[in-house]
Amino acid sequence: MNRLFPIAILVAALPMVGCEVRPVTQTNKAPDYTTQPRNLVLVPAIAGGLPSDQVDLFETEFTTSLEVCGVRVTATPAAGVPNPYVIAAATRDSGGGATKVDAVLVVQTTQTGTSNGVKTSLGYSASLDDLGTKKTVWKAVVNMHWDSLLSDHSALGRDLATAVVAAMRRDGLLPTQCAAAK
């Protein structure tokens, strides 16, 4: 009987090992918006939910994925709740006025869930503002959950970037034929 006890503990712990983050994304796109932005400013206001190395990983993965699709991305740090039009104007001016920014994508942390002091879920919102129409044309909510306190959190930035890019592609904001970054 004593030999079975350690085996029972291992079997009970198996569901907690190797669980991956499961992003769930909901989106809403303006029905009359058919543009695919070519020059985008990314504002990752996600430091409240991710450590700085994961914010950097998010920026890198997101930028690389969009560049594969022919979209130029300029990441700019967020200060408070960013105004997309002020950000776009500052980005355009800092580049000598030569770059026309089509849209600004702001990604913000909306919620953090914890269990025993360990993060078990993160929530984000993304908002795409078209500068030509001066309207918010796309919104997304990404909720990332994991079942185990032992889950690998080293790729949360990449998981978030993958979820946002997939939602943009699904909603026609990116060409569907462009390959995902490797």
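## Helix α2

Helices are taken here as DSSP runs of H or I with at least four residues, numbered from the N terminus. In this predicted model, Phe-58 and Phe-62 both belong to helix α2, four residues apart, or about one turn of the helix. An α-helix has 3.6 residues a turn, so residues three or four places apart point the same way.

Helix α2 comprises 17 residues (52-68), which at 1.5 Å a residue should span 24 Å; the end C-alpha atoms are 24 Å apart, in agreement. Just after α2, Gly-70 adopts a positive phi of about 85°.

## Burial and the aromatic pair

The buried residues of α2 are Gln-54, Val-55, Leu-57, Phe-58, Glu-61, Phe-62, Thr-63, Ser-65 and Leu-66. Their cover includes β2 (39-45), β3 (72-75), β4 (103-115) and α4 (156-170).

The model contains one aromatic pair. The ring centres of Phe-58 and Phe-62 lie 5.8 Å apart with the planes at 25°, so the pair is stacked. Phe-58 has 0% relative accessibility and therefore counts as buried; Phe-62, at 0%, likewise counts as buried.

## Nonpolar cores

The largest nonpolar core has 34 residues, of which Leu-40, Phe-62, Leu-105, Val-107, Tyr-124, Trp-138 and Leu-160 touch the most other members. Two or more residues each come from β2, α2, β4, β5 (118-130), β6 (135-145) and α4. The largest share, eight residues, is supplied by α4. Another core, of six residues, lies apart from this one and has among its members Val-101, Val-104, Val-106 and Leu-131.

Leaving aside residues up to four places away in sequence, the contacts of Val-107 include Phe-58, Tyr-124 and Leu-160.

Terms used
Residues numbered from 1 in each chain as written. Predicted model: local features only at pLDDT ≥ 70, side-chain atom pairs only at ≥ 80, totals over all residues. Heavy atoms only, no water. Expected span 1.5 Å × (residues − 1). Buried < 20%, exposed > 50% of the residue type's maximum accessible area, 1.4 Å probe, protein only. Contact = heavy atoms within 4.5 Å. Core = buried A, V, L, I, M, F, W, Y, C linked by side-chain atoms within 4.5 Å. Phe/Tyr/Trp six-rings, centres within 6.5 Å; stacked < 30°, edge-to-face > 60°.
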